[in-house]
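This report describes selected features of a predicted model.

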Amino acid sequence: MIDALSQAALRLRQQISYFAPLTDDEWNALVPHLSIRTFRKHQCLIQQGEMASQVAFVLDGLFRQFYMKDGDERTTYFFLDDQLVGAYMSCVTGQPSLVTIEALSDSTCLAFPYTALTTLFSQYDGWQLFGRRFAEYIMVSLEERMVGLLTRSPEERYLDLLTGNQRALLQKVPQHYIANYLGITPVSLSRIRNRVSQK
């Protein structure tokens with residue numbers, strides 16, 4: 001029988017393989033660093049101002065990334081099942097995190113130290129390829145988010161959620177967080193939803 005950690009590791013390896021295939025030796029070099037972590041609703045993976053040291057893979061649950069500005073929360077991203085989550089800027093720069101990442105539901109993750117990952121980058125070609133392709137993936141995601149905020153109306157951004165690969169967010173994330181993510185009030189989101197449903 002495969003234990004929970006082994007099953008979780010297989011899921012992580014499958015996701016990593018979408019970016020780069022790893023040999024068994026390359027994969028096995030990460031395995032000793034893996035651990036399962038559980039989070040209660042509203043518990044934080046990292047808080048703004050803390051030093052980040054871990055990357056996590058969401059096995060079950062939902063996380064929200066946000067930062068505080070003038071006393072207000074600004075939601076920047078959500079992480080669902082089978083996504084890697086972490087305060088990457090803090091991990092890479094060694095500076096305090098600019099964001100907080102909190103669980104929006106009871107959640108379970110497979111976690112590992114970022115330093116283990118950087119060691120693998122330097123030792124194995126497969127991991128180095130994964131690192132480059134994953135960095136490119138993050139860069140594209142950030143640019144899409146930035147361009148969307150700058151060039152598209154809140155209603156267009158809402159329609160993007162309806163038709164894009166993040167549609168699951170609308171079923172799983174409370175509406176006030178969706179509104180915050182879109183940069184509008186919950187009342188404005190309600191009006192947008194009504195207009196969209198009438199079209």
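## The open sheet

Four strands make up an open sheet, arranged in the order β2-β7-β4-β5 with antiparallel pairing. Because β2 (44–46) and β5 (72–79) each have a single partner strand, they stand at the edges, and one side of each lacks a neighbour in the sheet. Neighbouring strands are turned by 30 degrees against each other on average, direction ignored. Strands are DSSP runs of E with at least two residues, helices are runs of H or I with at least four residues, and both are numbered from the N terminus. Two strands count as paired if DSSP finds at least two bridges between them.

The model is predicted: local features need pLDDT of at least 70 and side-chain atom pairs count only at pLDDT 80 or more, whereas totals for chains, interfaces and linings use all residues. Residues are numbered from 1 along each chain as its sequence is written, and side-chain values use heavy atoms, with hydrogens and water left out.

## Helix α8 on the sheet

Helix α8 packs on the sheet and touches β4 (63–69), β5 and β7; contact means heavy atoms within 4.5 Å. The direction of α8 makes about 100 degrees with that of β5. Axes are lines fitted to C-alpha atoms, for helices over the stretch in contact, and angles run from 0 to 180 degrees between N-to-C directions.

Within α8 (residues 175–182), the buried residues are Y177, I178, A179, Y181 and L182. Buried denotes under 20% relative accessible area, exposed over 50%, and partly exposed in between (1.4 Å probe, protein chains only).

## Helices α4 and α5

Helix α4 (residues 114–123) packs against helix α5 (residues 125–151) at an angle of about 120 degrees, and their axes are 6 Å apart. L117, L120, F121 and Q123 of α4 meet D125, W127, Q128, F130 and G131 of α5.

## Positive phi in two loops

Most residues other than glycine have a negative phi. H42, in the loop between β1 (35–39) and β2, has a positive phi of about 75 degrees although it is not a glycine. H42 counts as partly exposed because its relative accessibility is 44%.

D82 lies in the loop between β5 and β6 (84–85). D82 is not a glycine either, yet has a positive phi of about 65 degrees; at 29% relative accessibility, D82 counts as partly exposed.
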